[in-house]
Each structure stands twice: as structure tokens, then as C-alpha cells.
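Subject: Handover of a structure and findings

Dear colleague,

Please find the structure below, together with its sequence.

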Amino acid sequence: MKRISLMVLLALFLVVIVGMSAGVAFYWHYIGTLIERDATANVIAETSETAENFRRAVEADQRVVDTIALTVQASYPWNETEKLERFLHLQVKYNEFENLGIIPLSDENAMLARPDSLDESWQKDVLIRALDQDTFVSARQQDPTSNKSVFVQAASLHDGMTPVGALFALIPTERYRAALTLSSLGDNSNALVIARDGTVETSGRTVPFDNVYTVLERAGFVKGHSLARLRMHIEQGEKVFMRYQLDGQYRLLYGEALPINDWYLLAVLPTDFIQEQTQRVAWITFGLFMFIFLLFGALGLYMLGLRSYSNRQLFNTAFVDPLTGSDNLNRMTVLFSRRLQALNNHAALVIFDMLKFKVINDMLGFERGNLVLKRASHIFREKLMPNEFVCRNFADNFVLLLAFEDRHELRARLTKLLSLIRRDCTSIDSCVMVDGVFGVYEITQEVPFYMAMDRAHLALENAKRTPKEFIQFYDEKERLRIVQERQLENAMEQALADGSFVLMLQPKYDFQTGKMEGAEALVRWNHNGRGVVRPDDFIPLFERNGFILKLDMFILEQVAKHLAKWQQEGKRQVPIAVNFSRLHLNDSRYIPQMTHIVDNYKVPHHLVEVELTESVILSNRELAQNVVRGLHNKGFSVAMDDFGSGYSSLNVLKSLQFDTIKLDKEFISGCEQQNSTARKVVRGAVEMIKSIDATVVAEGVETEEQMKFLREIGCDLAQGYYFSRPVTVEDFEKLLK
Ligand code: C2E
Ligand code: CA
Ligand code: CA
């Protein structure tokens, strides 16, 4: 998904770039033509204006010449030569002419502002033209005195109707330079005033040629026009507009006719100017585009960043454990099957649980506790191999998926991990003693995650129960046992209510007389799904969950009920022994409750015997002593069950006043063989028990040999299959008779 969306994004980006480039190119071109068109119009307008300016400037000079002519005409017949010459001189200075002079029609000499030898034929030519045209402007001339380029402007002089001469002024051609600049068209532009034969009369800038055609000839091809055509247009006074190339540079040429002397105004400018302008606009546009693009790009990136940030946040909330930064169980749920496949379906799912982590938290504070979890998480992660996985499930509980070779290797690895964690955490604080257990499920084929978790969990529970072994492997039998236990646990309350727990009685016989002298109450569970369930399958469970407290009292009540019934029916009554779990010893209500039940049925206390197992008595002798004393005070007799199954100390027998000692069936199991050590031990034990005046009951008597031997050494009562199995109350009543 991520890769696809990235591709799409990239493609989109490319499309945008291409689109924008095309847009910019198109815009560039469009702007270019627009600017060129605009520039062209500009050139035409500017040139026309320049033509007008030039015309005005020339006419203004002509008017000055005309005005001077009027003054000169008034002073005819020009007797005061000196005065006139001074006037002319002043006018030259004042009007910045090159020279000013009067050429009389008579043979008199010309009067000049700047006296010099002006060629007589030249004077005659000017005179004739002035008289002919009244006023005229000449083509460019060379001032014979100063050698400057000048225009000759002349006006005819009359005395009344009679022509008397001409006034002429020499005006430097440079004078029109200002009028001919095309300043707004760039520094490299120029305006030229030419005659129709191409001779340059004057120009805005000095040009290094006399005739434009010679230059244009050099340019060779004039775009779209041959030189001849251009010439024809100019000669006919038509407007021209074209482009040409000269010295590798494109130029624009525009011309229109001037109303003076058939002159023609040509504006020439390099197209660079237009290109520059186009480029400037294009660059500005491009810059603007780039700015907008970058702005959008930045905005897009920011939004992407924001999105990926929020995605990351979401991911973290869903898949990352905030405390340790490692993955959490959700992540493992998602990745489990893929990782398992990568490990060839051969792996170990391991649950690690710290022991007494609460103590660390309580004693050293949460901060230390958290640090311990972080270190542990870090070590687990650091030691992972490819495709392995670790996550923190909750609190001090970690789940690992590890490659699996064999149990030996895994055991070594887990041991190493635990010792690393332990060492690392001790370095935080010498008081931190981390300990933990591992539950391992060996995976050998594809399994769903929840099942693997369940099984590793069972192994973990097992590890917690077995203090000596901190690594436990999942065992199918163990699972079945636990499943069964759960079923029993779910059904026990209901079973008690509907009478599924049944009392059985196993008679005890007097070795000497063979008479039945008592019985032991044993419970059976008539489970409606599973038939009769033996106590060994549920008593340990009920001791763990506390239900045994209720069940024992229920059995006691059954016993009391039957004892009361036998009494009412006038039947024989024998003492019945009831088994009581170790759990009652810690319960202060035990003796009062028991007394209450027995009294409820008005059963004499000496008919009820309490059986406590040897292991209970050994584990808390003082408590046991109090209870035994309390029971004696109420008149109940007390038996020590399973003597010889554990580490019975004979001292116990002395300190606790048992009425009866029951020899465990294991204890007497070897005594059927003649001369065996077992016989000697049993004989010794019986002798000693007799010495403290306790009754000896031999349990689990199965054979005649056993019976004979036990009778011989002085055991008082026998209980075992040899005599009778535990029987129903009904059957027991028959035996009583
Ligand atoms: P226990 O108190 O040692 O009970 C004697 C067990 O030995 C009984 O097993 C009985 O059936 C069996 N037994 C008797 N004679 C022989 C024999 O000749 N050979 C062999 N192999 N076994 C013999 P059961 O009834 O299965 O009870 C097992 C244990 O469950 C009892 O051992 C007792 O510790 C406990 N238990 C039974 N009923 C109760 C009860 O109501 N409350 C408590 N707290 N525990 C009970
Ligand atoms: Ca017993
Ligand atoms: Ca026993």
C-alpha cells in the first residue's frame, strides 16, 4: 500500500512538473509574441514621433532664418555694411549657426557673419535655389570653412516685389541629434534621416557609413524582402518594416517618409532589446511560477509530513508499547504467522514473567520498576535474531517468538537472557533482584497465535508453580489436566448443590477379633459427564481454590446425619473418621463450625474422628498443636493420617497427643516379605506408637501376608481392600449388622 501510494505520488509529481513546464513554455512563447507585438507597435509610434520632432526642429530653424531674412530685407540696400555684419555675427552666435550670410543678386560681395572665402559658384547655387524656391533646406554639405557637416537653409530677399538676394544659414547636422534619439527603444537604437538614394543626411548617433544601402547590401538578405524591394518602397515613400541580420545580430528596421526634401526616416534597433524585454518578463513569470510551485510543494510536503506524523501516531498507539518503545501484543498478533513462516514453522513461543515485580515497584518506586522493564525489553530486543520477535504484553509480561533448535539450546539461551537482565538491573540498583520464569510452547507446525499463546501460558503457569524450574515447556497432558480441572472447577458448586458428591465409607476391622470397629469417610464425585471421579483428581484443585472447606463440612454433615439415623433406628454406631484439609488449620471458625454441625444432629463427639495428614502437621507444628488441643477439648479424637509417607519425626508424636496413628499404605507395602528391612522398621514404629498409647491403624492392607504380619506386631485396626473397599452407605449399613 505504502509503495503504491508513493508511486502514485511520484507519478503525480512528474505530471505536475511536466504540466507546469509545458505551461511555462507556452506562457513564455505567448508573452514573447505579445511583447514583440507590443514592441513593434512601440517602435512604429516612437519612430513617427521622432519624425515629427525632426520636422519641427528643421522648421523651427527655417523660421529663424525667415525672421532674420525679414530684418535683413528691411535694411536694404545694405549700405551700413559694418552694422549688418555685426548683426549677422550676433545671430550666428545667438542661434548657434555655423555661419550666416547675405548673397546679393548684384555683383557686390557677399556679407558673411564669419568672413571666409566661400566659393563663388557655391554662392551662386544657393542664391539661385533660394530665389527659385523662396526657402530651401539643402542636403548635407561640407562647410568649406570648418569642414563640419551642415545643412544649408536659405530664404530669398526682396525689395518690394524685386528679388535682391538670399540669406543663408549653415546649420550643423549634429544639431538634430537630440531630436533623433530613440531613447525609449534602448541604447543601441538609432534613427537616420536619409535621402531616397540612401545617403545619410543626419542621424541620432554617428554612423560609420554614408549610404544605408551599402550596409544593407552587406547584410545580404533582408528578411522577406530583397534589397531592391526595400529600395523601391523607400523611393516611393512607403512605410517599411523588416528584420535583417548584420554581423550575426538581428535588427529591426522601420521607416517612413519625412515631409522635408523627400527625406526618409529610418529607425534601426537590435532585436536584443525586444528579447531582453521578453526575457525579463519571462524570468519574472518563471520566478513567480517557481515561487508558487515551491509554495505548493512546501504546503504539500507539510501536509504529507502531517499525515505521516498522524499515521505514525496512530501506528504507535496501536502497535507500540509506550513505556519500553517495543512492539506490543497487537503487533505480534498481526505479524505472528508471517514470522513463523519465515522461521519455517519451527519456533518457540516464549512468555516471560517476572517474579515479585510488585515488590520492586513497592519497595523502590514505579520509576525504578519502569526502568527495569525498559532494560529487560532492551536486552530482549538486542539479542533477537532475524525474524524473531519480542513484545511487551502487559506489566512485567513479555512474549517472544524465537527460533528453535532443541530444548537444550533454548534453555541455554533463556538462561543467558535472564542472567543478562538480572545483571543489568542489579547495576541500576543493587537492591533490584530480578527473577523470572519462562513458559515455552514448541511450535512444529502452523498454529494460530491465540493457541500458541494459550499453550505458552499454561507452561508459564506451570513454571510459576514449580519453584525449582524457571523454564517450563508446554506439555499436552498437562493441558488436558488443566482443561479437566477447569471443567471440574466450573461444575463444583452446582455438584455440591445437587448432591453429586457422595459419601463412601471404608470399614476398619479389629485385628484380634475381626470385628468392624469403625470407618473412614471418603468422598466420590458422581460427575454426570464423566462417571465417578476419584478424590485424587479434585482434592488438590479444591485445596487450591478453597472449595475443600465447604466440601469437608458437607461430608462431615453426611457422616453426622447417618450416625444420627443409625442411633434413631437403634442400629449399632461405630466411630467414623472424616478427612480435613490443611486449609482448616488457618480457619478460626473450623472447630466451632464442626461442633455446630455435629451437635445439630445430636451426635456424641467421640463418634467423630478427625484425620489430619502428616505433612500438614509437620509444616506448622504449633498451629497443629493448637487445633489438636481444641478438638480434644471438644471431645473429638484426632488421627494422624499417612504416617511414614513423609519425614515423620517421632518427636511429633510425643508433642502432639494423637489418639490414632494411621500407617500409610506405602509405608507398609514392603512388609509382606519375610526378614525384610521394611518389616523391622514397621515393627519398630508400631512398638513406639504403642508406647505413647495411641491406636495404630494399618491402611492399605491388601494381602493376607500383610494382614498376618501387622496383626503379629500388634496393630490395632486394619483398613484395606483385603477387608473391604470403600462402600456406599447402604452397603455399609448391611456390614454394620
Ligand atoms: P486417604 O485419606 O489416605 O484415604 C485412603 C485412600 O486409600 C482412599 O482412597 C482409599 O480408597 C484408599 N485405599 C483404602 N484401602 C486401600 C488398599 O487396600 N489399597 C489401595 N491401593 N488403596 C486403598 P480415595 O478414596 O481415593 O481417597 C484418596 C485421598 O483423598 C484420601 O487419602 C484423602 O487424603 C483424600 N480424601 C478423600 N475424601 C476426602 C474428604 O472428604 N476430604 C478430604 N479433605 N480429603 C479426602
Ligand atoms: Ca484418611
Ligand atoms: Ca491415609
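A residue is counted as near a molecule or strand if one of its heavy atoms lies within 4 Å of it. By that criterion, 24 residues surround ligand 1, and the closest are Arg524, Arg534, Asp552, Glu702 and Tyr721.

Before going further, please note that this is a predicted model, in which local features need pLDDT of at least 70 and side-chain atom pairs count only at pLDDT 80 or more, whereas totals for chains, interfaces and linings use all residues. Residues are numbered from 1 along each chain as its sequence is written, chains are lettered from A and ligands numbered from 1 in the order in which they are written, and side-chain values use heavy atoms, with hydrogens and water left out.

Ligand 1

Several polar contacts (pairs of N or O atoms within 3.5 Å; within protein, one must be able to donate a hydrogen and the other to accept it, and residues adjacent in sequence count only if both atoms are side-chain atoms) involve this ligand. Arg534 places a polar side-chain atom 2.8 Å from an oxygen atom of ligand 1, and for Arg524 the corresponding distance is 2.9 Å. The side chain of Glu699 has an N or O atom 3.5 Å from an oxygen atom of ligand 1.

The calcium ions

Which residue coordinates both the calcium ion (ligand 2) and the calcium ion (ligand 3)? It is Asp641, and the two ions are 4.0 Å apart. Donors here are N, O and S atoms within 2.8 Å of the metal (3.2 Å for Na, K and Ca); water is not among the atoms, so sites may look incomplete.

Glu520 belongs to strand β19 (residues 516–527) and Glu611 to strand β22 (residues 608–613), so the pair ties together parts that are 91 residues apart in sequence. Helices (H or I, at least four residues) and strands (E, at least two) are DSSP runs, numbered from the N terminus.

Asp642, at 22%, is partly exposed.

Strand β13

Eight of the nine residues of strand β13 (residues 347–355) are buried, so this strand is largely enclosed by the rest of the structure. Two strands pair if DSSP finds at least two bridges between them. Strand β13 runs antiparallel to β15 (residues 397–403), with seven bridges, and Phe352 has Phe398 as its bridge partner there. Strand β13 is also antiparallel to β16 (residues 435–443), with nine bridges; Ile351 stands opposite Gly439 in β16.

Nonpolar cores

A nonpolar core is a set of buried Ala, Val, Leu, Ile, Met, Phe, Trp, Tyr and Cys residues joined through side-chain atoms within 4.5 Å. The largest has 82 residues, and Phe501, Phe542, Ile576, Leu663, Leu710 and Phe732 have the most contacts inside it. Helix α14 (residues 548–568) gives the most to this core, with 11 residues. Another core, of 40 residues, lies apart from it and includes Ala51, Trp78, Ile102 and Trp263.

Yours sincerely

Definitions and conventions: Buried < 20%, exposed > 50% of the residue type's maximum accessible area, 1.4 Å probe, protein only.
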